[in-house]
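Hello,

Here is the structure for you to look through. My notes on it follow below the display.

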Amino acid sequence: MSDDVAIQKSGSKRKPLTIRDDGVIELKSPEAGALLFGSKDEDFIHGIAANILAIANEDTEDLDERTSAYVASIVEGIEPRDQLEGMLATQMAATHFAIMRASRWMLYGNKDIKAVDSAERTLNKLCRTFTTQIETLKKYRADPVRVRDVNVSDGGQAIVGNVNSGNAGNEKS
């Protein structure tokens, strides 16, 4: 692992991920990395951890441990199951963090109506993006349609999907 990601001693009872005062991300174990980021791959863990630090800290020379831990906690709460979910969870954390910053800036940062209007549009786009990310995660996690033992003769047709039998919609009073 690199200088900004370290593995904690195995006897530690701390959370799977902590960020030390010097900005080093500590993982309890590679298994903790799998629980947190959806992967045991050290290169992937290092990359996602570096993304978390970048999201939470404008100045990487002066790391804010509480904010970094907050962003990491968002990823942890999503409980990614694989690398793709780990990346999406990190993007969701970044989007949420940007939404909070844009909200703060729109409400308190500027009195110029054009700047506030621009911030409002940005905030709206970020909120829609976050909603899309949630839907994407739900679809990705949903059980895929499994097709088994389908026999279609020449000239026949098959339907793949949920089929409800009955006369729904064709009932006569």
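The term to know before reading on is pLDDT, the predictor's confidence in each residue, on a scale from 0 to 100. You need it because this is a predicted model.

Confidence comes first. The average pLDDT of the protein is 77, and 70% of the residues score at least 70. Which elements have the lowest and the highest mean pLDDT? The lowest mean, 53, belongs to strand β1 (residues 5-7), and the highest, 93, to helix α5 (residues 113-141). Residues 7-14 have a pLDDT below 50; in the model this stretch still has 18 contacts beyond near neighbours in sequence. Where pLDDT is low, the predicted coordinates should not be read in detail.

The largest nonpolar core has 20 residues. Those that touch the most other members are Phe37, Ile52, Val71, Val75 and Ile78. Two or more residues each come from α1 (30-37), α2 (42-56), α3 (65-78) and α4 (83-109), with α2 giving the largest share, six residues. Take isoleucine 52 as an example: apart from neighbours within four places in sequence, its contacts are Phe37, Ser68, Val71, Ala72, Val75 and Thr90. In soluble globular proteins, nonpolar side chains tend to be buried together.

Last, the surface. Leu84, Met87 and Tyr140 make a nonpolar patch of about 270 Å² there. Leucine 84 lies in helix α4.

Regards

Notes: Residues are numbered from 1 along each chain as its sequence is written. This is a predicted model: local features need pLDDT of at least 70, side-chain atom pairs count only at pLDDT 80 or more; totals for chains, interfaces and linings use all residues. Side-chain values use heavy atoms; hydrogens and water are left out. A nonpolar core is a set of buried Ala, Val, Leu, Ile, Met, Phe, Trp, Tyr and Cys residues joined through side-chain atoms within 4.5 Å. Buried means under 20% relative accessible area, exposed over 50%, partly exposed in between (1.4 Å probe, protein chains only). Helices (H or I, at least four residues) and strands (E, at least two) are DSSP runs, numbered from the N terminus. Contact means heavy atoms within 4.5 Å. Patches are made of residues with over 30% relative accessible area and no salt bridge: like charges are joined within 9 Å, nonpolar side chains (Val, Leu, Ile, Met, Phe, Trp, Tyr) within 5 Å. Accessible areas come from the Shrake-Rupley method with a 1.4 Å probe; for residues, only the protein chains shown count as cover. A salt bridge is a side-chain nitrogen of Lys or Arg within 4 Å of a carboxyl oxygen of Asp or Glu.
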